[in-house]
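I opened this notebook to record what I looked up in the structure. The entries follow the order in which I consulted it.

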Amino acid sequence: MLLFVFLYVGFWLIWDSHASGKEEVRPGTAITVSESVSFVPASGWSLEREAITPGQRSTVTSGPNTFTVSAATWMGSLGEQTSREKKLLQAGGKVHLYGNDQSFHTANGLTGVKFSYFTSGVEGIVWIAYDPGAKTVVTLNGQSASGALPAAMGPFQEMVDSVRTEAGN
């Protein structure tokens with residue numbers, strides 16, 4: 001009976017890894033999001049093939065955590081894009097924003113604003129940066145199941161720090 005349980009569970013784990021659209025990413029591999037934006041997933045994270053929009057968005061996952069990098073042409077200001085992103089989040093449902101906007105800066109030259117949000121069963125952080133040289137806005141969204149965000153902060157920050165833009169190479 002125990003052997004049957006192991007085989008049954010093993011089958012579904014293998015099936016999920018092949019059928020779910022997840023693709024393991026070798027450590028240190030850069031994911032190209034657009035012509036001017038790329039990032040390196042944290043070790044052990046998988047690329048979600050269904051969540052890729054070529055030239056615009058890529059998503060990686062690890063357990064209950066999701067990290068999405070989006071790039072788009074933008075001619076406005078960082079403040080305008082931040083307001084727009086907040087409105088989009090709130091339009092999608094019962095999203096509550098923490099009043100904790102903070103600026104951030106990475107060694108790769110990515111500078112912008114980050115804020116946190118929560119909804120039923122999900123917590124997240126959004127980093128928004130504008131690269132005027134590439135006329136590109138980069139939006140990073142780290143989401144976790146409720147209560148899992150503190151454990152995901154290390155990998156999220158590692159991936160934020162890995163983002164490269166045309167200007168920051």
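This is a predicted model: local features need pLDDT of at least 70, side-chain atom pairs count only at pLDDT 80 or more; totals for chains, interfaces and linings use all residues.

**Entry 1: the partner of Lys86.** I noted that Lys86 forms a salt bridge with Asp101, with 2.6 Å between the closest N and O atoms. Lys86 belongs to helix α2 (residues 78-91), whereas Asp101 sits in the loop between β7 (96-97) and β8 (102-105), so the pair ties together parts that are 15 residues apart in sequence. I then searched the whole structure and found one salt bridge.

**Entry 2: Ser70.** I located Ser70 in strand β6, which covers residues 65-73. I classed Ser70 as partly exposed because its relative accessibility is 22%. Leaving aside residues up to four places away in sequence, I listed Val33, Gln56, Arg57, Val137, Val138 and Thr139 as the residues that Ser70 touches. For Gln56 I also noted the separation from Ser70: 14 residues in sequence, and 5.5 Å in space from C-alpha to C-alpha.

**Entry 3: the chain as a whole.** I counted three helices and twelve strands in the protein chain. The chain has 169 residues, of which 41% count as buried. I recorded an accessible surface of about 9500 Å², with 57% of that area belonging to carbon and sulfur atoms. Among contacts between residues at least 6 apart in sequence, I found that 50% join residues at least 24 apart.

Key:
Residues are numbered from 1 along each chain as its sequence is written. Side-chain values use heavy atoms; hydrogens and water are left out. Helices (H or I, at least four residues) and strands (E, at least two) are DSSP runs, numbered from the N terminus. Buried means under 20% relative accessible area, exposed over 50%, partly exposed in between (1.4 Å probe, protein chains only). Contact means heavy atoms within 4.5 Å. A salt bridge is a side-chain nitrogen of Lys or Arg within 4 Å of a carboxyl oxygen of Asp or Glu. Accessible areas come from the Shrake-Rupley method with a 1.4 Å probe; for residues, only the protein chains shown count as cover.
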